[in-house]
Amino acid sequence: MPAIETTALTKRYGEDVIAVDDLDLTVEEGEVFGFLGPNGAGKSTTINLLLDFVRPTEGAATVLGYDVQREPKTIRSRIGVLPEGATLYDRLTGREHLEWVIDNKGSDDDPDELLDRVGLEPEAAARSAGGYSKGMAQRLGFAMALVGDPDLLILDEPSSGLDPKGMQELREIITAEADRGTTVFFSSHILGEVEAVCDRVGIMNDGRLVATGTLDALRENLDFDASISLDVERVPDALVTDLETHEGVHSVTVDGSTITASCARTPVKYEVVTQVGAATTVLDIVSEDTSLERLFNTYTDGEQSGEGDVDAGLAEVETEVSA
Amino acid sequence: MSVLSVAKKDFLDVRRSKSVWIVSGLYTLLVVSLFYTGRSGTVEPNVVSQLSALASVGLPFIPIIALMMVYLAIAGERESGSIRYLLSLPNTRRDIVLGKYLSRGAIGASVILVAFGVGAVTAVLWYPSLEPTVFAGVAGLTVLLTLAYVSVAISISAATGSRSRAMAGSIGFYIVSNLMMLVPAFSIVAAIKYVLNDQFGMGLSDHLFEFIRMLSPTIAFRKAFPLVVPSDIETFMVNVDPSAPAYLAPEVALAILVAWLVVPAALGLWQFNRADLG
């Protein structure tokens with residue numbers, strides 16, 4: 001039984017707006033699924049449909065095998081949700097929020113343990129949530145989602161408002177939950193946080209699911225390059241020729257003392273480094289893992305395999321990298 | 001029980017709201033000041049007369065208290081997005097509407113009962129007798145009126161998606177059910193009567209229009225008042241009409257008041273169940 005399954009799920013607002021268009025999505029039990037797409041792609045609407053906050057125009061969805069419209073209460077008792085952009089109750093303390101969720105879910109969790117897991121200080125938990133920073137609110141929301149050891153975690157933009165340390169902790173909690181067998185479904189428009197934790201991703205654009213699969217599979221599907229640059233003391237001519245003929249290396253460019261190799265697959269990068277290291281002294285290595293950004297841009301720019309699109313994607317990435 | 005869990009959390013939240021305490025304090029002050037002014041005068045101080053005066057003077061405030069305390073119960077959570085937390089937990093939409101109704105109803109009833117309780121203490125101190133039956137009757141009827149408006153406000157709050165629309169709806173309902181109803185000659189019903197009888201010459205009876213007026217919870221409260229005060233005390237001049245047909249009886253008014261406790265909340269729930277909360 002899949003944790004989440006949608007069939008021809010469609011949500012229209014009025015005549016013209018199609019927020020979700022004929023979505024067929026399956027998230028298997030136990031996997032960590034990254035739900036990607038730019039803002040306004042339909043990710044939140046999909047999550048709202050799964051939680052029965054909004055009703056589909058057409059199609060159906062099940063969560064943990066239950067129909068989302070017929071058995072929302074059963075579903076809600078077995079999942080944990082971190083909603084996007086939801087404010088907490090200003091007049092309640094952090095601890096009171098947790099106690100309420102524990103009571104509502106009929107769980108016997110220890111609030112202190114949950115607070116500890118998400119890194120919220122007991123002193124902070126004793127204060128009213130009205131004075132919380134966005135990061136603190138997000139941590140509390142995350143603790144609330146973890147109450148009752150849910151079978152499925154639905155996290156809508158979980159990293160928003162978190163600092164790098166918070167994001168790192170978030171990744172650790174997600175990984176820990178996944179290790180316990182929890183299915184994790186989370187949406188994001190930030191790509192970096194996805195790669196580290198996701199088994200599989202789905203990319204939404206304009207209400208449609210334009211790609212699903214493991215990141216490696218998606219990369220291979222588009223035949224993207226992974227590029228690596230090495231600053232070296234000197235550039236032996238033979239080395240360049242050797243690299244160019246190396247299997248999996250598409251092209252080699254030399255700019256002064258910098259060698260840049262464009263590789264078909266990520267593991268080839270290591271082979272390039274070894275080979276260059278054997279021939280000369282390496283001063284610096286820059287591995288530009290732009291493939292994910294390019295992947296994303298390519299899928300969300302419209303045409304999926306046009307050469308021109310890939311170049312356009314690359315141009316965007318380069319500006320981002322230099323900025 | 002999800003309804004109780006929703007109610008419990010809401011109660012915890014609202015009891016810290018300053019406006020609830022201020023409103024509660026002001027209403028208690030009104031009750032006490034009425035008993036205070038009635039304790040000395042040309043005639044023998046009479047608790048029942050003062051209760052009638054309270055019902056009359058305090059009447060326009062009850063709807064304001066109830067609507068103000070409740071109109072944001074659900075609409076406010078929809079606007080702030082916190083309803084997503086409520087609905088992510090094992091609560092149905094019905095649990096939320098009923099839980100909110102329960103908690104706000106309990107708070108509204110408490111505000112009235114506390115004020116009447118303080119009033120009872122002053123009555124014992126300043127008046128020859130407390131008249132506990134009448135006192136309890138008036139308090140009970142006032143609680144019913146409060147709950148009727150809580151039900152209306154829950155309905156408006158459940159059916160509207162935002163703070164501003166819930167506020168507009170509440171103010172609109174207050175104007176129609178109170179300001180445009182209280183004085184028969186200047187009521188909205190008088191306008192309907194003018195159109196139907198004077199313009200179209202339908203010759204409908206005044207009693208029928210009086211019944212329409214009685215559909216307002218505020219007027220129903222007034223018309224039900226004879227049920228709780230002895231008949232020798234004159235309350236709300238309008239009640240004294242021996243030719244009135246059975247459908248204008250105080251019992252009917254009470255039934256209308258009780259219907260207000262149920263019907264609006266049910267309609268609000270129905271609308272809330274269909275709504276997209278995106």
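Chain A is divided into domain 1 (4-213), domain 2 (220-289) and domain 3 (292-322), with bounds that come from an automatic or database domain assignment. The centres of domain 1 and domain 2 of chain A, taken over C-alpha atoms, are separated by 40 Å. This is a predicted model, in which local features need pLDDT of at least 70, side-chain atom pairs count only at pLDDT 80 or more, and totals for chains, interfaces and linings use all residues. Residues are numbered from 1 along each chain as its sequence is written, while chains are lettered from A and ligands numbered from 1 in the order in which they are written.

Chain A contains an open sheet of six strands with mixed pairing, in the order S6-S7-S8-S3-S9-S10. Helices (H or I, at least four residues) and strands (E, at least two) are DSSP runs, numbered from the N terminus; two strands pair if DSSP finds at least two bridges between them. At the edges of the sheet are strand S6 (79-82) and strand S10 (208-213) of chain A, each pairing on one side only. Within the sheet, S7 (residues 152-156) and S8 (residues 183-188) of chain A run parallel and are joined by five bridges. Leu153(A) has Val184(A) in S8(A) as its bridge partner.

Helix H7 (residues 164-179) of chain A lies across S3, S7 and S8 of chain A, at about 150 degrees to S8(A). Such angles run from 0 to 180 degrees between N-to-C directions, and axes are lines fitted to C-alpha atoms, for helices over the stretch in contact.

Chain A also touches chain B, through a contact of 26 residues from chain A and 21 residues from chain B; two residues are in contact if their C-beta atoms, placed from the backbone, lie within 7 Å.
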